[in-house]
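Visitor: I have a model open and would like to learn how to read it. Could we go through it feature by feature?

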Amino acid sequence: MNWTQKEKNFLKDLQNEEKLCVQKYHKAAEAACDPNLRQILHKLEQAEQNHCDTVAQMMDGKVPSPSAKTQNSRTPSAKQLKADTTRAQKQSDAYLLSDLLATEKYVSGVYNTAVFEFNDPAARQVLSAIQQQEQGHGKELAAYMQANGMSC
């Protein structure tokens, strides 16, 4: 696939954003107080790594199938999301989650713009699928926050 210069620039930006997401989820998982939250964050870290790999493939001129990258992870119930942590630990986790949620909102917006900027329908489909997954990540973070009385 021969990308326009604008498309190449978008892919480079997306790759940088995904690398940052991987790092942020990794560091947040290490810092999280609730073991269930650590597990959620590690799962989302892996999903972001998959996005990064997809963008790298696209930078190499390959457009992967969007169905191959679709995730069907179930959102845990509110009971499963409820943390058994102290107030200080909950505040610490809430800070991590607020930062990650803001990042997801931003990255989702970048993908939304990219979808409109790419000419190739298959590329648009892949980028749209990732954008929907980013929205799902935000929903999962917000659900955890809501279940634990954290503002989002």
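Visitor: Let's start with Phe 118: is it buried or exposed?

Guide: A residue counts as buried when its relative accessible area is under 20%. This is a predicted model, and in it Phe 118 has a relative accessible area of 1%, so it is buried.

Visitor: And which residue does Phe 118 form an aromatic pair with?

Guide: For a pair, look at the distance between ring centres and the angle between the planes; over 60 degrees is called edge-to-face. Here the count is one aromatic pair. Trp 3 and Phe 118 form it, with 5.3 Å centre to centre and 75 degrees between the planes, so it is edge-to-face. Trp 3 counts as buried too, at 8% relative accessibility.

Visitor: Where do Trp 3 and Phe 118 lie in the chain?

Guide: Trp 3 lies in the segment before helix 1 (5-31), while Phe 118 is in the loop between helix 4 (87-117) and helix 5 (121-147).

Visitor: What caps the N-terminal end of helix 2?

Guide: For a cap, look for a side-chain oxygen by a backbone nitrogen at the helix start. In helix 2 the cap is Asp 34, with a side-chain oxygen 3.2 Å from the backbone nitrogen of Asn 36. For helix 5 it is Asp 120, whose side-chain oxygen lies 3.2 Å from the backbone nitrogen of Ala 122.

Visitor: Which residues with positive phi follow helix 2 and helix 5?

Guide: Gly 61 follows helix 2, with phi near 90 degrees, and Gly 149 follows helix 5, with phi near 65 degrees.

Visitor: Which residues of helix 2 are buried?

Guide: Among them are Leu 37, Ile 40, Leu 41 and Leu 44, but also Glu 45, Glu 48 and His 51. Over the chain, buried residues make up 43% of the 152 residues.

How values were computed. Residues numbered from 1 in each chain as written. Predicted model: local features only at pLDDT ≥ 70, side-chain atom pairs only at ≥ 80, totals over all residues. Heavy atoms only, no water. Buried < 20%, exposed > 50% of the residue type's maximum accessible area, 1.4 Å probe, protein only. Phe/Tyr/Trp six-rings, centres within 6.5 Å; stacked < 30°, edge-to-face > 60°. Helix = DSSP H or I, 4+ residues; strand = E, 2+ residues; numbered from the N terminus. Polar contact = N/O pair within 3.5 Å; in protein donor to acceptor, adjacent residues only side chain to side chain.
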